[in-house]
Each structure stands twice: as structure tokens, then as C-alpha cells.
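Dear colleague,

Here is the structure I promised to pass on to you.

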Amino acid sequence: MKAADVLLLVLDLAGTLVFALNGALTAIRSVRVDIVGVITLGMITALGGGIVRDVIIDRLPPATFSDWRYLAVAGVGALVAFALGRRLDRIALSINVFDAMGLSLFAVTGATKALQTGLGPVQAVILGAITAVGGGTLRDVLIGQVPSVLRSGLYAIPALVGAGITVVAVRLGVDGLAAALVAALACFTIRMVGLRYGIDAPTPRDAPPS
């Protein structure tokens, strides 16, 4: 396996892990579910975006079903969240942090895989964002909430920025670990700054308050 492929796999699995933690913790906090519900929501959050990505680029079967490591990592992440629950907050790893980490990593891997299949730069940016927000959108629908991508101040925008930086880096021939980290860090920073200071994306003038 090439070094670039190993890097992409590591980033993809890292995103899978943190999104599994995020989905499971969201389940514990937001709805009354048992261990099956916690693990299910954790795995859907972790794997949903990647499945959508692979279906769109016609990479079938999706990596989730062709590589056991995705299911294993998602399952372990969900189980860890179920076992530790609220104690994770005591080490400053909140739901929002996990969400921002997963968003950042999947924006990078989604855009990179899109480019590898021959899609253009604009399409790659869009697919990177879809990969990043897909699992969280499915999670929110299942627990009866308006998806974060439709209501949260800065959610899709950071994903688009991270995917955009990734595409530019690849086009300039500087793709690699450094470029991936810069793109992911940019996405993560924008998302966390938006949460910290309550920065919202523009909304219609007559829209009701959130």
C-alpha cells in the first residue's frame, strides 16, 4: 500500500472513531435509548457519510462493508462512549469537539477520494462536505432533531473550507500529511470558533429566532 493510501486510511479511520464517539454521546444525552440504540447511533454517525460518499463515486461495495476495520473502529468508539458516558466531559472531550474533529477529517478524506476517482475540483469540494455532514445528518434525523447542517451557525461552511484547501493542495502537488493537517485544522478551528462565539451563517431577514 502506498504512503498516500495509508495516510488516507488512517485519517478515515480516525474520523470514523471520533464520529462514533460523538454519535453515541449524543444518543446518551439527547434520547432515552439502551445499549443497542447507543451503538446504532454511534455507528450510523461514523459510517453514514462514508457510505454516501462511496455510493456517489461508485466505489462499491462501500469501504464500510469491504474493510472490516471501519465497522470495528465504529463499534469500539460507540462502546467506549457507552462505557464512559459523561465522564468523557471531565477530560474536556465534549460532543462538540468530537463532532468538529470528525467533520474536519471527513472533509479531507471525502475530497481526496473524490479527486482520486477523477472528479473535478468543485465536485470534490462538494463531496468532501457531503462526507463530513452525512453521518451527523442521519443521526439528527433519527433522534428527531433538525440536522445540524441546516440549523447550526457554522457547520457546512467549515467542511467546505477544509475540502477546498484539500483540493487546492492536491492540485498544487503539495498533498500529504502536512496539507491534510492544515485543511483539517482550518475546518476544526472555524467550527469551534463559531460555537465559542455564537457565529451564525446568514439567515433570511424574516426567519424566526433559533
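**What I found**

S148 is a residue of helix 7, which covers residues 148-151. Before going further, please keep in mind that this is a predicted model, and that what follows should be read with that in view. Is S148 buried or exposed? S148 counts as buried, because its relative accessibility is 8%, and the cut-off for buried is under 20%. If neighbours within four places in sequence are left aside, the residues in contact with S148 are R139, D140 and Y155.

Which residues of helix 8 are buried? They are P158, A159, G162, A163, G164, T166, V167 and A169, and among the elements that cover them are helix 5, helix 6 and helix 9. Just after helix 8 you will come to G173, which takes a positive phi of about 80 degrees.

V125 itself is buried, because its relative accessible area is 19% and buried means under 20%. Between the C-alpha atoms of V125 and P147, which are 22 residues apart along the chain, the separation is 20 Å.

**Helix 5 against helix 9**

Two packed helices are described by the angle between their axes and the distance between the axes. For helix 5 (residues 95-116) and helix 9 (residues 177-197), the angle is about 145 degrees and the axes are 8 Å apart, and the crossing of helix 5 past helix 9 is right-handed. On the helix 5 side the contact is made by N96, V97, D99, A100, M101, L103, S104 and V108, while helix 9 brings A180, A183, A184, C187, F188, R191, M192 and L195. Sorted by kind, the residues of this contact are 12 nonpolar, two polar and two charged.

**The loop between helix 2 and helix 3**

Two residues in this loop deserve a careful look. P61 lies there, and the peptide bond that joins L60 and P61 is cis, with omega about -5 degrees. D58 is in the loop between helix 2 and helix 3 as well, and although D58 is not a glycine, its phi is positive, at about 60 degrees. D58 is exposed, because its relative accessible area is 58%, and exposed means over 50%.

**What the record says**

In an unreviewed entry, UniProt places "domain: Glycine transporter" at residues 10-84 and 97-169. In the model, residues 10-84 are 85% helix and 0% strand. UniProt also lists several stretches as "transmembrane region" (unreviewed entry), including residues 6-28 and 178-199. Residues 6-28 are 100% helix, with end C-alpha atoms 33 Å apart, whereas residues 178-199 are 91% helix, with end C-alpha atoms 28 Å apart.

Note on methods:
Residues are numbered from 1 along each chain as its sequence is written. This is a predicted model: local features need pLDDT of at least 70, side-chain atom pairs count only at pLDDT 80 or more; totals for chains, interfaces and linings use all residues. Side-chain values use heavy atoms; hydrogens and water are left out. Axes are lines fitted to C-alpha atoms, for helices over the stretch in contact, and angles run from 0 to 180 degrees between N-to-C directions. Helices (H or I, at least four residues) and strands (E, at least two) are DSSP runs, numbered from the N terminus. A crossing is left-handed if the near helix is turned anticlockwise from the far one by less than a right angle, and right-handed if clockwise. Contact means heavy atoms within 4.5 Å. Ala, Val, Leu, Ile, Met, Phe, Trp, Tyr, Cys and Pro count as nonpolar, Asp, Glu, Lys and Arg as charged, and the others, Gly among them, as polar. UniProt positions are given in the numbering used here, feature names are shortened, and annotations may be inferred rather than shown by experiment. Buried means under 20% relative accessible area, exposed over 50%, partly exposed in between (1.4 Å probe, protein chains only).
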